[in-house]
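Subject: Structure handover, with notes

Hello,

Here is the structure I promised to pass on. Please open it alongside this message; my notes follow below.

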Amino acid sequence: MRLALLIFAGVTLATHHLRYPSPLIQQNEYVFLFEGEAHSGVPLPVNTTVSRIRAVVHVQILDDHRAILKLKDAHFAAGEVYHRRLNKPMDELKVHTISEEHTSILELPVRFIYENGIVPGLVLSDRDETWSANVKRSIINMLQLNLHKIGRTHRSLPTDHDSHYFTVLERTIEGDCEVAYTVLKKNDSVAEISKSINFNKCAGRSEAKYNFRYLTECPVCKGNDILEPSSVYSCSLEEEELRKVEVSSTYLITDKDQPVMKTEIHTKLILEDVKEIGRESEWIDGKKETLIFSDEIDKQIEHSYMYGDDGKVQPYEPVNDKTKEVGTIIDMNALEENRREATHLLSRLVIIFRMFTLEELSIVHSVYYDYCDKRLRSMVEHSLAVAGTANAVTHLLRIITNKEKIETYKLMHLLKIIQETPYPSSKIVDELLHFAMTDAVESSPVIRQTIWLAIGSLMRSVVGKTEDRILLKEDHRELKRRYLNIMMTQFEKADSIYEKVLALKSLANAGLDVSVYELEKIILDKREELPVRIEAVDALRLLRNSPHKIQSILMPVYKSRAEDPELRMVALPRIMETLPRQPLIIRIISAMQREPNLEVAAFTFDMLHTFAESTHICNRNLTSVILPLFSKSRYQRRERVLASTYKHLPLFIEKIMTGININFATIFGKSSFWPKEVMVGLDSVFSGMWNKYSFQLGANQQNTGKFIHNLTHQLMKMEKNRNTVACGHHICSLLPLLEGAGKKLIIISSPVDDRTPYAMLYLRYKDMDYAVLPIDEKIVDELLGKFIREGKLEEREIDRLFKSDSEFKLYSFAFLHETIRKIPTPLGVPLIVKYKLPTVVYAEGEFTLEIVPYGLRLRLNTVPSAASTELFEMRLWNPLFEQGVRIAHSIEAHLPIDFDMEITYRNGFEFKKAFGIPTKEKTIARFTSRPMTFFRFLSGQETFGKTEIRTVVLPEWRQINKQKELVYSIWGLKTVFRGNWLREWNMSNVLLGQHDWELFMIPTHDAPKKIRLFLNSRGIENISLDTNNINPQSEKVFEAKIDKLEDLADRRHRKQFHRFVRDIEMKDGYRNRLILGIESVDSMVDYYGNVEITSVCDVGLRYCKIAVEGKRSPTDGEGSEWNIMMDTEFVFPKRPTSLEELRNQIHRDVQGLLVMK
């Protein structure tokens, strides 16, 4: 019986193989017509830009495993088609002539292995180029039919009598992915086969991602990608021979679950003729490759960006007139104001700088840079930093080194831009390490901090495990050890808390997994200062890929009651970030229930409670573990106002996988009333992409009371030498008053702390320690020594501070964000998806700060302007053509600022500010948005060529929007908002519509030239509360209130209240007056407005009266002055000093009166 079954299975298998032989028969030459189309546009019924390539394909099947493919008569055309007419005849499109060089390359034959419909490999000519080989791969890929189910992943499932379904792991041009086959037999001679690629199950794809390294892996968010690809193949077999193949691929970009851009690839292979092989095509012996899309060009470009001129191949060497193009952009920028066009020119300049060799950059420097003004030089410098290639960074650092002087803020900005380069490499790190040893860096603590934080971040980009995917494969084991040694050398030679903290923050930015053991030594070393040990714990935050190691280090620290409570509490968030499993959570809850330290217990409770109730999708698995365990805990948190805590506010929309998470934490100790650490942070998730530290601001301190003691000592010393007066009182006379107040309030001084005083304010941005502001004894002593010497103010230093250059010119050019992604398509052309945010900021003007009698005077006259463009782009590119779709949202702002402000203190605080009003129509802000498609033919072009740009107009756009203008006029100044307003607001119309909104100001004949604001506070006066200060009318009202109590037969209320009021009248009180006003200057019409607020209170705050009087000038349509008066009085009951007094107190009501007119 078993033998019979085996024979039956063998016969069935043989029959199966006979039913599905190879789709192409041996010793035959097949002539196909190949057409490939690329459509770029938006996912709506509108016109799209299309490119089409057509060629005759000759395929010779030599034997059961060898075949040759050759292209002939290649033609190219491009144009615009309506979405319902995708198959537009080629003669209706604009024909472009492919150059002879590119034609000869396309016509080179390719030999490939063809066994049972599968293509295991191919052999290319040595003269063939990568882009041409990929086009031929796309055609060979269409010939592949795996009907023998080689590499099957699941059982074959029959769907009906004449069809069946199966999945296989198949190598295609788009990668090694799972492919689902559906075979439908129409009759004995005709079969329809469809197959689709499951991109979620790919063993390998030729994909590159740049500048995604700041994202944190979110396991729950996987599968939620803003780029959604799909590829479907349809094949027709007649008489068991391949007759027709069609491939349809769609690539969608979604924003908040709304499709916004689309690229479609359609390829078609139609059998024209079958004949015997007459003349065998030229046989070639060359390089052996696979069917997968070749990324050799992208690797060469990547290597050029990362290592500069060190590469053997310079991919952009054939591009002519690059230097001339830079000159054109510089000339355009010289004439342009800071408008949205400036951001487009910045983007173009960055693209070109990424193509340059060092020699070409030197030519640009000598031809253009040396003859530019400050603004254009700044643009070139910032563009080099944004380009971020090895050549650009090297050249920029040479410029900085050769400069005699460069502004500190500018150098900091340039280093921060380099830190976020999309193409980090060991060469760029080495360049920065070399620059860090120069005198310009060593002499400036600010620059030194900036460059070391940047070096650490770039080290992580080079050797760390991030969400970036680069094409070059390198072994980084030795590099990791080298980088660790560099960082530890910086730590070991540090001689202060700040220097050690800076070294650890740089090491934290590096995220080196080999640093765990060094950090463990620092954490456990009790000889180190506590801020250093805390920073070592914090330095583990980017090593989330080693959760067990982090848990094994920090759990003993957290549970040890011998450790500092602050260190234990800092360790807990790092443990929770590793997403611990149930056994570890049980240990944490158990430790919390037995914890004697109230701060540690409260902090642990709040953190567990936060995660138990979190709706953040990236914490979902952790929440499901904590919630059932935490709900059974018997621990009761003690409610205290000032206690260590951890809170967060999740604002998340699961449908679109987008939201933010606001975190807040405080850590208190026993030795200080002030918190040891305060932190507020922001996590973000956008379309499933998680950024754990989008933004975080924090501060920590220890023993800062010593700073206050030193400052008080210096002020007292000044008073002894110069009889200095502070706020009307001698400093020495104030100290006994403060001591007496402290004794009355039973304030106990904090215990003596012998720790080194230290404080720090830090900023994290995009998962990086971005900036640190340290305060230690050395810094405080230097500041005090600079301005106070031997008990005297250093007037020379103060004068130098106030007499700096009044003119300023500030320029900033940057990409606030940039991500790049490349994936292959079935046409053999890579699809490049870019998102960037080029931003340009100008500010030129005058700023002065001077000392006037009893105060300061500040003057500022400038017109700061900012322009920013959010650019989302899908682009197809190869040496023949460039095509794509982009959406640009641009905003520009121009805010004229001309004010004169004076702040004085003499018998009260006085503030005056006068600011100018535009004298002509001025655009304040403008927002534009439009989707567009673009095309550029490259073959045979010696220069960059002209790009054809077409605006995408939504269907019925004129009907769904209307022009609207809002006008608001005040004091002769019109503010106008004008733009097209949507009749129907939805996400599609907002993202894809053509918007043009403008806000501008129009001064009329009655508009003033200036407006003056003033504020005057007369200070607090001691007065006597007689009947002039307590309104008799209010007392009558209070009596009326008391009369209602006669119904309760208790007349003692009236008697006690009158006694209480008379007692207030006999006491002293305080009065304060505050005057606020605004008035026009140099105006045809007087405009004014002022408010006077007078407050009167008794010493014990039992009675308060607030009087408000105001007036303003009439505005449009009003004929008289507008006035307001308001009087408010309150009488509070006597404050009891004991429970017995409260129980016997009769009058407990708060009496109030409000009069307005």
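There are 2 disulfides in this structure, which is a predicted model. A disulfide is a covalent bond between the sulfur atoms of two cysteines. I take the two links in turn.

**C177 and C202**

C177 is bonded to C202, with an S to S distance of 2.0 Å. The link is right-handed, with 100° about the S-S bond. It connects distant parts of the chain. C177 sits in strand β9, residues 175-185. C202 sits in strand β10, residues 190-204.

C202 has 24%, so C202 counts as partly exposed. The cut-off for buried is under 20%.

**C1097 and C1104**

The other pair is C1097 and C1104, with sulfur atoms 2.3 Å apart. The torsion about their S-S bond is about 115°, so this disulfide is right-handed. C1097 is buried, at a relative accessible area of 16%. C1104 is buried too, at 15% relative accessibility.

**Two further cysteines**

C235 and C372 are worth a look as well. C235 has a relative accessible area of 1%, so C235 is buried. C372 has 13% relative accessibility and therefore also counts as buried.

**S443 in a loop**

Next, a serine. S443 lies in the loop between α12 (439-442) and α13 (445-463). Its relative accessibility is 59%, so S443 counts as exposed. Exposed here means over 50%. What does the side chain of S443 approach? A polar atom of that side chain lies 2.7 Å from the backbone oxygen of D439.

**Helices α19 and α20**

Now a helix pair. Two packed helices are described by the angle between their axes and the distance between the axes. Helix α19 covers residues 565-576, and helix α20 covers residues 582-593. They pack at an angle of about 160°, and their axes are 12 Å apart. Because of that angle, α19 is roughly antiparallel to α20. The cut-off for that term is over 145 degrees. The crossing of α19 past α20 is left-handed.

Which residues meet between these helices? From α19 come L572, I575 and M576. From α20 come L584, I585 and I588.

Last, a threonine. T923 belongs to strand β33, residues 922-937. At 21% relative accessibility, T923 counts as partly exposed.

Which residues does T923 contact, leaving aside its neighbours within four places in sequence? They are H894, E998, L999 and F1000. With E998 there is a polar contact from side chain to side chain, at 3.0 Å. M1001 is 78 residues from T923 along the chain, yet their C-alpha atoms are separated by 6.4 Å.

**Where to start**

- The C1097 to C1104 link, with sulfur atoms 2.3 Å apart.
- The α19 and α20 pair, with L572 and L584 among the residues that meet.
- The side chains of T923 and E998, which make a polar contact.

Best wishes

Terms used: Residues numbered from 1 in each chain as written. Predicted model: local features only at pLDDT ≥ 70, side-chain atom pairs only at ≥ 80, totals over all residues. Heavy atoms only, no water. Disulfide = S-S within 2.5 Å. Helix = DSSP H or I, 4+ residues; strand = E, 2+ residues; numbered from the N terminus. Buried < 20%, exposed > 50% of the residue type's maximum accessible area, 1.4 Å probe, protein only. Polar contact = N/O pair within 3.5 Å; in protein donor to acceptor, adjacent residues only side chain to side chain. Axes fitted to C-alpha atoms, helices over the stretch in contact; angles between N-to-C directions. Parallel < 35°, antiparallel > 145°, perpendicular 65-115°, else oblique. Left-handed = near helix turned anticlockwise from the far one by under 90°. Contact = heavy atoms within 4.5 Å.
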